[in-house]
Amino acid sequence: MAFTTYHSILFCSLLLSISSYCIGQTSPQTEAFILPVKKDSSTLQYITQIGQRTPLVPIKLTIHLGGQTLWVDCENGYVSSTYQPLLCGSTQCTIAKVDTCGNCSTSAPKIGCNDNACYNTPENPFIKTLYSGGQLNEDVLSIQSTDGSNPGKFVKIPNFIFTCAPTFLTDGLASEVKGTVGLGRNRIALPSQLAEIFSFTRKFTVCLSSSTQSSGVIFFGDGMMLPNIDISKDLIITPLITNPFGTGSVPSLNEPSSEYYIGVKSIRVNAKPVTINKKLLGVDKNGNGGTKISTGTPYSMLETSIYDVVTKAFIDELSNATRVAAVAPFEICFSSKSVGSTRVGPAVPTIDLVLQTTRVYWRIFGANSMVKVSQDVICLGFVNGGIKRTASIVIGGYQLEDNLLQFDLARSTLGFSSSLLLHQTACANLNFTTKA
């Protein structure tokens, strides 16, 4: 396996960016990176693998789209000759916006527990658990480069910032997974660290495969090439909305959330508007409401009043289909024999999330709205999220599959394709396989 190594040669300064204090480049510029991502059939989480530590160890991590940091279990077998804790007052801690410092509570410092270190709050969204004692550290990270269509060398980053967490925080993660990789909007999440280190655009593209047998991909940087799609022309663009309250890991810092929100203004079922409480669609001063995109929930969740009107309209528009008993966690199910099929999945009413104008909308077709729960039963893949929700609408993983999503952090926009099946392709066709 070929590697390119970047060595740190520049002096750390409070005024310098991550790209300066971490790394001085001694090899040709790397402009893009890829992470293959596969869906776990048991947990429905999206799993990737990176190399970390010295010597390098392959680490399985779950994708956390809005996560603030890459965190790993440091209690169970973390061994590395290049591990370094980040100390209070350091440039790295300042960039991470950490205001919590502390000493190790054990008799002797160890990996993940050092004196005068800075801390943040890693999060496991799958069990809705935070840990306030996550120590920030640096170590080697290895990730694969690409030219946009073919895999390249694995690149070693010697000073990648990550968070140590205790073993219990891995509860609920897929088998053999040791943590999560955060792709959120803050500066120590993976997209921003890569962009600043290698001086490319703060942009990444997500394409999650609907198959548990084939990989999707996360692409960092510009120049991604897709069969049958011109990204520059075929993506619909909408602004990313800033949630002013830190609803992710560290709300106590009173900083904007690292999660990704978009401005849904209304919803249509089969192109017909449904009546919903518009106040629920905006984000209030406490960070409640609005529409969040998340890989932390497998299926989209709607606040109860929104769920009720959307599902009623869906049932009314699909009146010729045969209803059958509910199958948890779904409430609206049909006999698959009574529903036709199309190129974009079951022939059911479309669901439109209408954005800044009525002509800008995210259309959800049957492939992303209907879940096959048995040979003869399909269910509407939306879940009643309850009355008191932080986000009124959470677009979950299933609704993201085989949709191309491009997060442009520099411009604060989201570009999306709707179903790639319309283009006669799928995320599994992005064959970024490792060269021998």
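The legends below describe close-up views of a predicted model.

**View 1**
The buried residues, followed along the helix, are Leu190, Pro191, Ser192, Gln193, Leu194, Ala195, Glu196, Ile197 and Phe198. Just after helix 3 comes Ser199, whose phi is positive, at about 55°.

**View 2. The salt bridge between Arg187 and Glu196.**
A search of the whole structure finds 10 salt bridges, and one of the pairs computed from the model is that of Arg187 with Glu196, whose side chains meet at 2.9 Å, taken from N to O. Side chains of opposite charge can pair when their charged atoms come close. Glu196, which is also listed among the buried residues of helix 3, has a relative accessible area of 14% and is therefore buried, since the cut-off for that class is under 20%.

**View 3. The salt bridge between Asp222 and Lys203.**
The side chains of Asp222 and Lys203 meet in a salt bridge, with a distance of 2.9 Å from N to O. This pair links distant parts of the chain, 19 residues apart, for Asp222 sits in the loop between strand 15 (216–221) and helix 4 (231–234), while Lys203 belongs to strand 14 (residues 203–207). Asp222 is partly exposed, at 39% relative accessibility, whereas Lys203 is buried, with a relative accessible area of 13%. Salt bridges that share partners join Lys203 and Asp222, together with Asp408, into one network.

**View 4. The salt bridge between Asp352 and Arg363.**
Asp352 and Arg363 form a salt bridge in which the closest N and O atoms are 2.7 Å apart. Because Asp352 lies in strand 26 (residues 351–354) and Arg363 in strand 27 (residues 361–364), the pair ties together parts that are 11 residues apart in sequence. Asp352 is buried, its relative accessible area being 0%, while Arg363, at 21% relative accessibility, counts as partly exposed. The value for Arg363 is not under 20%, which is why this residue does not fall in the buried class.

Methods:
Residues numbered from 1 in each chain as written. Predicted model: local features only at pLDDT ≥ 70, side-chain atom pairs only at ≥ 80, totals over all residues. Heavy atoms only, no water. Buried < 20%, exposed > 50% of the residue type's maximum accessible area, 1.4 Å probe, protein only. Helix = DSSP H or I, 4+ residues; strand = E, 2+ residues; numbered from the N terminus. Salt bridge = Lys/Arg side-chain N within 4 Å of Asp/Glu carboxyl O.
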